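Me: Could you take a close look at one part of this model with me, and then show me how a few other spots compare in kind? I'm new to this, so please go step by step.

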Amino acid sequence: MEFTVKLTDAQSRVIIEKGCHTRLKDYMEFNGRVMVISDNNIPDSLKETVLNQFEGAILAEVPQGEKAKSLEIYADLLATLLENGFSRKDFVIALGGGVVGDLAGFVASTYKRGCRFVSIPTSTLAQIDSSIGGKVAINMNGIKNCVGSFYHPEAVFVDTDTLKTLEPRHFYNGLVEALKAGCIRDAELFSLFKEYAEELCADSPYLEEIITRSLLMKRDVVQQDEKEQNLRKILNFGHTIGHAIESLYNLTDYYHGECVANGMVMIEENEEIRADLTDILTRMHIPFVSDLDTDKCIEFIKNDKKASGSTIDIVKVDRIGQAYIEKIEIDDLRKYFGS
């Protein structure tokens, strides 16, 4: 399957097909030099498969996890491009999960005011959500994604074959974003999770449908509100509290999707939906966080890029498939922590 995300000044082709990462030149012309940014946990065979398609391609490896999204590593990658004489017409390819996509996209967006960018997401989190929409960023002072921009990849190659080496925890972590998509805008997608949550795996017959429905939902939202002025804010369901939990645990102990999952359950006020969410997440082996330091979480939320003075927009779901935005005082979030 292929579709296009059409923005005001850019567009992204999204190819969803098994094996597509092995024949990239069948889908687009790479008429420039290539640097592949990947992390040190991606299988060497996968890196070699991509690198061998381009003469003289450079591999830049970064550490696994959020620690890669630092100013120091960002600067090192820019220096590598500069030292190797890359131009704006050359390519940065992200090969990895959401962290690699965020980092590589931010590098591409700022190198000589923007070079060409392609994404090959290899995690469920990236394939389902972060590979499209144009949000690219790094972290600073323990605050997630506080330095960033909007920059869209020319093409995104979604190949579910690359998910087969994922550890179960990473696999389910990414599926949380698809569950979120069902909550806010696709009741049928939510129903798939209610029916098959514990059966989902890289070989599941429902996986490609889940990924496709999630990406199409996000495409429709982003095309209506690229810069998150209004509608796109619904994509943040569970994220305000989720990002605070990530920061509380130094972006290491819990994965992004796990923190978002906790955020969705905590913010959800409809008891039936909350019970369904808890059941689905339990069947997906998502850990639940307890004994949170409410004061510290509130301080992190005050530094959230979505905060405006003493208020913040939060996303609520009273009916599956229908989300809305409500502006509240940040201190009023304490009630969702049980404070």
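Reply: Happy to! Let's start with Gly98, which is buried because its relative accessible area is 13%, under the 20% cut-off. Please keep in mind that this is a predicted model. Gly98 sits in helix 3, which covers residues 98–110. Leaving aside residues up to four places away in sequence, Gly98 touches Ser123, Ala126 and Ser130. Leu166 is 68 residues from Gly98 along the chain, and their C-alpha atoms are 14 Å apart.

Now for the cysteines. The structure has 0 disulfides. Take Cys201: the closest cysteine sulfur belongs to Cys20 and lies 19 Å away, so it is too far for a bond. Cys201 is partly exposed, as its relative accessible area is 34%. Cys259 is in no disulfide either, with its nearest cysteine sulfur, in Cys297, 9.6 Å away. Cys259 has 0% relative accessibility, so this residue counts as buried.

Helix 8 spans residues 239–248 and helix 9 spans residues 256–267; their axes are 7 Å apart and meet at an angle of about 130 degrees. The two helices are therefore oblique to each other, and helix 8 passes helix 9 in a right-handed crossing.

Note on methods
Residues are numbered from 1 along each chain as its sequence is written. This is a predicted model: local features need pLDDT of at least 70, side-chain atom pairs count only at pLDDT 80 or more; totals for chains, interfaces and linings use all residues. Side-chain values use heavy atoms; hydrogens and water are left out. Helices (H or I, at least four residues) and strands (E, at least two) are DSSP runs, numbered from the N terminus. Buried means under 20% relative accessible area, exposed over 50%, partly exposed in between (1.4 Å probe, protein chains only). Contact means heavy atoms within 4.5 Å. A disulfide is a pair of cysteine sulfur atoms within 2.5 Å. Axes are lines fitted to C-alpha atoms, for helices over the stretch in contact, and angles run from 0 to 180 degrees between N-to-C directions. Angles under 35 degrees count as roughly parallel, over 145 as roughly antiparallel, 65 to 115 as roughly perpendicular and the rest as oblique. A crossing is left-handed if the near helix is turned anticlockwise from the far one by less than a right angle, and right-handed if clockwise.
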